[in-house]
Amino acid sequence: MLSEFTSGVIYIRVSDKSQEEGYSIPEQIRDCLKYAEERGISIIEEPFIDAYTGTSMDRPNWMQLKGVVKSKSIKKVIVLSINRFARSTVAGLVMEREIERMGAHIEYVKGKYDDTPQGRFLKTLELAIAEYERELIIERAKSGRMGKARSGYVVVSKAPYGYTVKSDGKRQWLEVFEDEARIVRFIVIWYIRGDEDGKPLSIRQITDKLSKMGVPTRGDKGTHTNKKQAAGVWNRRTVHDILKNETYAGKWHYAKTETRGVGDERKRASTDPEQWVEVDVPPIISAEQYGLVQERLKDNLEILRGRPSRYFNLLRGLVRCRHCELSVRGNYQPPRKNKDGKETSAQWSYVCSGTDNVPKICSLPAFNGYRVDAVVWDWLVSLLTNPELVECKLRARQAELNEINAPYLERIATIESLITEKRGERNRYISMAGRGIITEDELETLAGRLVKDIAELELQKAKAQERIEMPFSDEEIAAIVADSHRLAETREDFINASDDLKRRNLERYHLRVVLEAPAEKVRIAHVSCILGSNELEIPFEKKFTQACWFHHPDYRYYNRSQSTTG
Ligand SMILES: [Zn+2]
């Protein structure tokens, strides 16, 4: 009998700490290839490799693999072992089911599972064991660290700024590193008493001063790979964290944060200070100094909270800089009295965040905010009042979203069928307990595991649902197009549109702006949205267009004063 041609692909997962697990990528590939060869499976693609934690399902190469399995009708997906594939029962089940729904099968090089109730049970059991082991490893490491802190030793992966960490192989302690400790003392004294000029400095002033002095930061010396700033550039966050840290007053704390949530929902969160374990370390500043710093930090926070409500920023979060690619923020300056006692008008501008750094990493000039807002809004209005364009683009977007959503909708269907199965399984256990086939204790163990799985599945379902962006419905498109026809006749509604209405429209059509100053006195806004894209020139200096004037905050006032005098 001739064996049919069977096509396959290889999937490899390595954890971010693969060196600890002692199974390298080439070794995994070699074993998978050998398995395929022995069974006459032709591997038709390069292996798909994900360096992701085993509990997460949003793995980019897994998504790609699924696409290939579907488009090339691949029959086998080869994976080294089940606990290498997934370290949570639910992730494993869902991913396996996704492949089965496409008419393919996952084969494990290590461990053969029959497609029988026993085979499936064995597989779930192995996944559950992998999950349990992982939890155990985390627990053990945690209690080990807690024990060390309780006996008066620090537990750190790197020393806080101002210290070096010493170790005898089992325990760690901190020693003052004078080069950096000096800087910590400077920061604290500048903040509470001031520098040579005698006036206390703000966090921003301290940051600039350190950068100007060229004081090396931790990142300059270490092997920080993701440091964004140039050498000797301090940021406000670092200075703030140093001021806030009680370690410098001789009190280091363990368990200030903890991991919460499951799967890739896991994140660090602050804990209640009552749970902290305090460890004495050599102080760099006095307890009094630390107290003064905390008072000033608290005062500043209250001043900030007491400020009047924030101004409205039409393009908040939608603007980037063409030159350095950083985000551009809105900057509002309220009216002020100048030297002659005359009140200046409010200033509204867009400023690249790259110009905040000292030294500046970007030279984009500030853009007049009124004009940018006006030009961008007028452009969007010109599109919105074109009914044919609106209809055509919205239909295209609808089709595009349907395509993007498809894999997530499929995942939701998979998860829903698993939830139904798990619920059925639970009911079977309950009836088995009712008939005395299993004991109450056994029921509790089995049902408890199922309840946990169902909760995890519900969570994964919610996450997939979050990924889905609802396309416009046919009714919505019809309504928008009708609106567009009406607006095309009179633009009045849009010219006097409220800030909220403007913002809603900008968001609905996914508006993005990139600012550029290609030459002196030339200001360009590159705009794009679902309906199209364009390059718009922002009028420079006093060249106010009629449209710009409409958006100027003085406009209404100006009009009113005109009418009262006239
Ligand atoms: Zn920039």
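Helices (H or I, at least four residues) and strands (E, at least two) are DSSP runs, numbered from the N terminus, and angles run from 0 to 180 degrees between N-to-C directions, with axes fitted as lines to C-alpha atoms, for helices over the stretch in contact. The structure is a predicted model, in which local features need pLDDT of at least 70 and side-chain atom pairs count only at pLDDT 80 or more, whereas totals for chains, interfaces and linings use all residues. Residues are numbered from 1 along each chain as its sequence is written.

Helix α12 (residues 369-384) has 16 residues and reaches 22 Å from its first C-alpha to its last, close to the 22 Å expected at 1.5 Å a residue, the expected span being 1.5 Å times one less than the number of residues. Among the buried residues of α12 are Y370, V372, V375, V376, W377 and W379, together with the charged residues R371 and D373. A residue is buried if 20 or more other C-beta atoms lie within 10 Å of its own, exposed if 12 or fewer, and partly exposed in between. Across the chain of 566 residues, buried residues make up 24%.

Strands β16 (residues 512-519) and β17 (residues 522-529) run antiparallel and are joined by 6 bridges, with E516 having I524 in β17 as its bridge partner.

A further open sheet contains 3 strands in the order β13-β14-β15, with antiparallel pairing. Because β13 (328-333) and β15 (367-368) stand at the edges, each with a single partner strand, one side of each is left without a neighbour in the sheet. Strand β14 (residues 347-352) is joined to β15 by 2 bridges, and S349 stands opposite N368 in β15. Elsewhere, β6 (residues 163-167) and β7 (residues 172-176) pair in the antiparallel sense over 5 bridges, including that between Y163 and V176. These two strands, β6 and β7, form a hairpin with 4 residues between them, and G169 in the turn has a positive phi of about 95°.

Helix α5 (residues 89-100) packs with helix α13 (residues 387-434) at an angle of about 115°, with their axes 10 Å apart. The contact is made by L93, V94, R97 and E98 of α5 and by R411, T414, I415 and L418 of α13; these residues divide into 4 nonpolar, 1 polar and 3 charged, where Ala, Val, Leu, Ile, Met, Phe, Trp, Tyr, Cys and Pro count as nonpolar, Asp, Glu, Lys and Arg as charged, and the others, Gly among them, as polar. Helix α13 also holds L401, which is partly exposed, with 15 other C-beta atoms within 10 Å. Leaving aside neighbours within four places in sequence, L401 is in contact with E469 and P471; L401 and E469 are 68 residues apart in sequence and 7.0 Å apart in space, C-alpha to C-alpha.

Definitions and conventions. Two strands pair if DSSP finds at least two bridges between them. Two residues are in contact if their C-beta atoms, placed from the backbone, lie within 7 Å.
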